[in-house]
Amino acid sequence: MRTLIYLAHPRLDRSEVNGPLFEAAQTVTGTTCVDLYAEYPTFEIDVAREQDRLVAHDAVIFLHPVYWYSAPALLKEWQDLVLEHGFAYGHEGHALDGKVTFNAVSCGAADAAYSDGGANGADLRTLLAPFEKTADLCRLRYLAPFALFGAGRAVEEGRDKAHLASWLGLLNALTDDRLDIEAARASRTLNDIAAALPVASEPA
Ligand SMILES: Cc1cc2nc3c(=O)[nH]c(=O)nc-3n(C[C@H](O)[C@H](O)[C@H](O)COP(=O)(O)O)c2cc1C
């Protein structure tokens, strides 16, 4: 699958997680990597250009930190402007039909906080419902989120490296059409699925 990765991070200079994941993604053949805040620092999104990008790819990944149970603001602006009626949804809007999408996120809170009995009162996939419902309306195939929990301590605890390896495994499986899409749709997160994948692309 031709894979489009949108990074949304307003302070990439301070990023410990999303920055390295974005850099690593650029080494994966078959991916196009877009830094939204670098391209649109004044939020003036080129809608036609973004729609062309979407049409030219089979999978769209939103790579971002979780901010206030959602994404940084520019990603919302991108959704509001790019996912137009007649393009992404509605009777005439079939440009995205069947494409694959998911959120690749980092969360400050620990895994345990993202549960019914935890501090956030719900799991991550449930809290990211606006992304899933938007994907459903646009007839995209929404996969479970890929997530790094406790992101603020990941580097000092050495958990960032395993997450990066899983990320590369996931991207290579997606671009090589080796990812079990139905299993990825049914899961709560993609973490266990990604961790079981080989990091490198398999020889053709
Ligand atoms: C404005 C703001 C809002 C945040 N909201 C959340 C949140 O709702 N849930 C959460 O788990 N972490 C939250 N965090 C923590 C970030 O998700 C965390 O710092 C980030 O994932 C780390 O990734 P980075 O190193 O790439 O910046 C928030 C951080 C900021 C700055």
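Me: Which residues does Leu96 touch, not counting those up to four places away in sequence?
Reply: In this predicted model, Leu96 touches Leu54, Leu83, Phe87, Ala88, Cys138, Arg139 and Leu140.

Me: Where is Leu96, in terms of helices and strands?
Reply: Leu96 sits in the loop between H4 and strand E4 (100-106).

Me: Buried or exposed?
Reply: Leu96 is buried, because its relative accessible area is 2% and the cut-off for buried is under 20%.

Me: How far apart are Leu96 and Leu140?
Reply: In sequence they are 44 residues apart, and in space their C-alpha atoms are 6.1 Å apart.

Me: Arg139 was among the contacts too. What is its phi?
Reply: Phi of Arg139 is near 60°, which is positive in a residue other than glycine. Arg139 lies in the loop between helix H6 (129-137) and strand E5 (141-142). Its relative accessibility is 31%, so Arg139 counts as partly exposed.

Me: And Phe43, what about its phi?
Reply: Phe43 is not a glycine either, and its phi is positive, about 70°. Phe43 belongs to the loop between H2 and H3. With 29% relative accessibility, Phe43 is partly exposed.

Me: On to H3. Which of its residues are buried?
Reply: Helix H3 covers residues 47-55, and its buried residues are Glu50, Gln51, Arg53 and Leu54. They fall within an arc of 155° seen down the helix axis, so they line one face of H3.

Me: What covers them?
Reply: The cover includes strands E1 (3-7), E2 (31-35) and E3 (59-65), along with helices H2 (36-39) and H4 (73-82). Leu54, one of the buried residues of H3, is also touched by Leu96.

Me: Zooming out, how many helices and strands are there?
Reply: The protein chain has 9 helices and 6 strands.

Me: What share of the residues is buried?
Reply: Buried residues make up 50% of the 204.

Me: And what share of contacts comes from residues 24 or more positions apart?
Reply: They account for 74% of the contacts with a separation of 6 or more.

Me: Last topic, charges. How many positive and negative side chains?
Reply: There are 17 positive and 29 negative side chains, and the centres of the two sets lie 2 Å apart.

Terms used. Residues numbered from 1 in each chain as written. Predicted model: local features only at pLDDT ≥ 70, side-chain atom pairs only at ≥ 80, totals over all residues. Heavy atoms only, no water. Helix = DSSP H or I, 4+ residues; strand = E, 2+ residues; numbered from the N terminus. Buried < 20%, exposed > 50% of the residue type's maximum accessible area, 1.4 Å probe, protein only. Contact = heavy atoms within 4.5 Å. Lys, Arg positive; Asp, Glu negative; His and termini not counted. Charge placed at Lys NZ, Arg CZ, Asp CG, Glu CD. Arc of directions from axis to C-beta.
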